[in-house]
Amino acid sequence: MSKTKSFSAKAALAGAVLSAAALIGFTVYGMIYDYFDTVVSLTLALGVAGMAAYALADKVWSELLNLAAVACITFGMGLFFFNSYPVWADRLNNISMYGSRGTLVPVIALLVLMVAAIVAGIVSCFTQKEGKAK
């Protein structure tokens, strides 16, 4: 195992850090606005674990972990976006129809973090690790 990581591993680590930041932000958002979705937090945690394992393990079984991590984070982001519909509807229309929790700023910030983690994961999917896994 080489001491310097390939670009693919570095991109996966960046995706893991971004996904961990999104997970922490989502947890704080959930505590502040009394909203917490276990599935979203679980998919973000699986994304962190998958990307970190891909970056750190030089085994054949780790080659698909970043793709699985991207799928997990994407599902979590979609579910978070779907569940944040009341916030979007109430804030963008300046109404209080849905009794939404939260504001748009943290929702958009979390979505941007998740998209950045997904992009980093996709980049790591399409770049090759130095030194083939054996």
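Mentor: What follows takes two residues in turn, in a predicted model.

Trainee: Where does serine 62 lie?

Mentor: Serine 62 is in the loop between helix H2 (38–56) and helix H3 (65–83).

Trainee: Why is serine 62 called buried?

Mentor: Its relative accessibility is 0%. Buried means under 20%. Therefore serine 62 counts as buried.

Trainee: What does the side chain of serine 62 reach?

Mentor: The backbone oxygen of lysine 59, at 2.7 Å. The cut-off for a polar contact is 3.5 Å.

Trainee: Which residues is serine 62 in contact with, leaving aside neighbours within four places in sequence?

Mentor: Ala53, Tyr54, Ala57 and Lys129. Contact here requires heavy atoms within 4.5 Å.

Trainee: Now asparagine 83, in helix H3. Why is asparagine 83 called partly exposed?

Mentor: The relative accessible area of asparagine 83 is 27%. Buried would need under 20%, and exposed over 50%. The value falls in between, so asparagine 83 is partly exposed.

Trainee: Which residues does asparagine 83 touch, not counting those up to four places away in sequence?

Mentor: Tyr35 and Asp37.

Trainee: What makes the link from asparagine 83 to tyrosine 35 a polar contact?

Mentor: The two side chains are joined at 3.1 Å. The limit is 3.5 Å, between N or O atoms, with one able to donate a hydrogen and the other to accept it.

Trainee: And which polar contact does the side chain of asparagine 83 make with aspartate 37?

Mentor: One with the aspartate 37 side chain, at 2.8 Å.

Trainee: How far apart are the C-alpha atoms of asparagine 83 and asparagine 66?

Mentor: They are separated by 25 Å, with the residues 17 apart along the chain.

Technical notes
Residues are numbered from 1 along each chain as its sequence is written. This is a predicted model: local features need pLDDT of at least 70, side-chain atom pairs count only at pLDDT 80 or more; totals for chains, interfaces and linings use all residues. Side-chain values use heavy atoms; hydrogens and water are left out. Helices (H or I, at least four residues) and strands (E, at least two) are DSSP runs, numbered from the N terminus. Buried means under 20% relative accessible area, exposed over 50%, partly exposed in between (1.4 Å probe, protein chains only).
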